[in-house]
Amino acid sequence: MRPDSHARTMLPIPDRPAPTLTTYDAKDPDTAFPPIEPLLPPAGAPNVLVILLDDVGFGASSAFGGPCSTPTGERLAAGGLRYNRFHTTALCAPTRQALLTGRNHHSVGMGSITETATSAPGNSSVRPNTKAPLAMTLKLNGYSTAQFGKCHEVPVWQSSPMGPFDAWPSGGGGFETFYGFIGGENNQWDPALYEGTTPVEPPATPEEGYHLTEDLADHAVSWIRQQKALMPDKPFFVYFAPGATHAPHHVPKEWADKYAGAFDDGWDVQRERTFARQKELGVIPADAELTARHDEIPAWEDMPDELKPVLARQMEVYAGFLEHVDHHVGRLVDTLDDLGILDDTLVYYIIGDNGASAEGTLNGAFNEMANFNGMAALETPEFLVSKIDELGSPSSYNHYAVGWAWAMNSPLQWTKQIASHWGGTRNGTILHWPHGIPDGGGLRSQFTHVIDVAPTVLEAAGLPEPAMVNGVQQSPMEGTSMLYTFAEPDTPERHDLQYFEMFGNRGIYHKGWSAVTKHRTPWILVGGVVPAFDDDVWELYDGSVDFSQAHDLAAEHPDLLAKLQRLWLIEATKYNVLPIDDRTSERLEPSMAGRPTLLRGTSQLFFAGMGRLSENSVISMKNRSYSVTAEIDVPAAGAHGVLIAQGGRFGGWSVWVREGRLTYTYNVLGIQEFTITADEPLPAGKHQARMEFAYDGGGLAKGGDVTLFYDGTSVGSGRVGATQPMIFSADETTDIGYESGTTVSSAYEARTSRFTGKIHWVQLDVGTDDHDHFIDPEERLRIAMARQ
């Protein structure tokens, strides 16, 4: 085998042309040049497929003893290795950035999700250029690279259609191909998609059988086939990150119906069943104990009897959702098998980017945005009962109850967001690589972490960590390659020190011992009281004999606990964890958080065709008065359609023209819809249409009075009884002249909502005293710019 001659520690690899005789005439017999050879990684470098599911607890999948059937996971485990002590960060964006860089999440600025970024280095959501992503390293070494699915690593002020795209997968992320969505979650039936950095619409509708997971798998399968057809000698790196099983739990009804009646006994019983099955499979030690239910989590028997059928259906839908995504992961695996490359592909199947999510309230949610707005009380038990048959369907934006999240983390304590305990951070993981793993079907129990993925891939590919990427000196990766575990099941672990922190929940692992403290409860978003950090109560566990953290030994070993607390502080200082930040609403407001914003002032100008604008790309009009003015041309036959719409079916507002009349619709969480329509139609010709909303004041989520105007003359008025105070949607956007995604008003459909006249401009003004009801076209631009 010819030795690799590339200087791969400096990327891009510098061109070093070999000196040759230079002739005058190309026909000269002495004219000779070495052949042009495409850049390839070292011989034997495998294809790499990293699959990362979303919000799946350790005890959910059947591959790790759970109730949700995952035959693809079982198939890969039978030919590969299960890891029962693989860890994540307790939250999605931090885990993803850690996976993609091989560094701790605070080291790459992702101390929490992008929406709560601050100016502190560990929480900025900005990846330093000294920590290049794995995909970039592989691409610059000759790999083909592609990502399909979720990207939650883009700073919110860079998420508009204008970028910048340094943090986007196909921008600075190192992926030559990207098809998926930007953000923390998406409607599985009607997602906001990007191809590269270009917004695209789903290829079909829910009525036509569309589902995001299937679409992502279609694109991934097609890309892999094409890559091997055109570049069979070149290995690929595919990162498949579907939105499943993050809320909303959307799945075709037949998949949920497969589990009818399976969860009628409730989460306490399910947890015991899972625990027994985990021992039967051997995925937990024989002496592992089932941890107790904490007081904050209600017992199944204490839930209202009339609500139990709804709760059981929530879990049926979730189980179907997980089996559904596993099925489509199986299509990727089948593709590798059909192409004859499965044995040559290193497959990571990471079943969850954190523990199961407890963000769905104690009763679960038909629209999870209710809880994020502090309005979960609107979803009464009676309301939830009335919606049981819609759970998982396009009309829902659902999440299951806290008790199910706890059960899906069996046998561990707590849930997603709680980085202190393994319930938030331990995820079943499977590695499959027949050419690199000698004993398929084995179990590995060495402590491992998501930051170990990148160094494992590089070692498997025979590639060094780069010292320089794009002219920037790189800091070392902080993870440890897992390759040493492949051949020796009992070899001592090499990753024996790891800190954890999320929203003040924190812990430290060191040589078998873990010291942890839970600081806040994730489902208490409004009204909760958290202690001072120095008042947090720490616990101590001996992992060598206590797999599930069932026995707190803090009282027996106070000196060891103090030592580990000090070690946490040292690691926290090293990796930019400090200052610890447990704030909530303050981190959502950019000026208070100290992060940049695209928007300043009280006015924003839009033009027809602008769209796919996230809430961070539009001035917030929540909890205050505002107005929308549009200059339009109305055809002689009248006009119809959207002038501007923000949000969609599950919360938002729209100024639109209905049967020729100016209309304003405000949709509160898909539960209440207020519509005010002008008394007369818009006349033909060029006119200004205006809506003014006068907020009641006196707190958050209040209502207000609406007045409609044509050319400054009042033509109608009405009342909005309530509003959403914090967020309309995690995935729906603002569009001008049309509406993408689901529609704010139930009276029209997105595909028929395009405005039939001409829009010259639309202006949004917030919190102003401008009551002229008409904007002088000559002054419009000057006023708008002055207010910025």
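How far apart are the end C-alpha atoms over residues 46–462, and what percentages of helix and strand does the chain have there? In this predicted model, local features need pLDDT of at least 70 and side-chain atom pairs count only at pLDDT 80 or more, while totals for chains, interfaces and linings use all residues. Residues are numbered from 1 along each chain as its sequence is written, and side-chain values use heavy atoms, with hydrogens and water left out.

The end C-alpha atoms of residues 46–462 are 9 Å apart, and the chain there is 30% helix and 12% strand (DSSP runs, helices being H or I of at least four residues and strands E of at least two, numbered from the N terminus). UniProt lists this range as "domain: Sulfatase N-terminal" in an unreviewed entry; such annotations may be inferred rather than shown by experiment, and positions follow the numbering used here, with feature names shortened.

Beyond its neighbours within four places in sequence, Phe240 is in contact (heavy atoms within 4.5 Å) with residues including Leu49, Phe148 and Leu332.

His246 lies in the loop between strand E9 (236–241) and helix H5 (253–257). At 7% relative accessibility His246 is buried (under 20% relative accessible area, with exposed over 50% and partly exposed in between; 1.4 Å probe, protein chains only). His246 and Asp55 are 191 residues apart in sequence, yet 5.3 Å apart in space, C-alpha to C-alpha.
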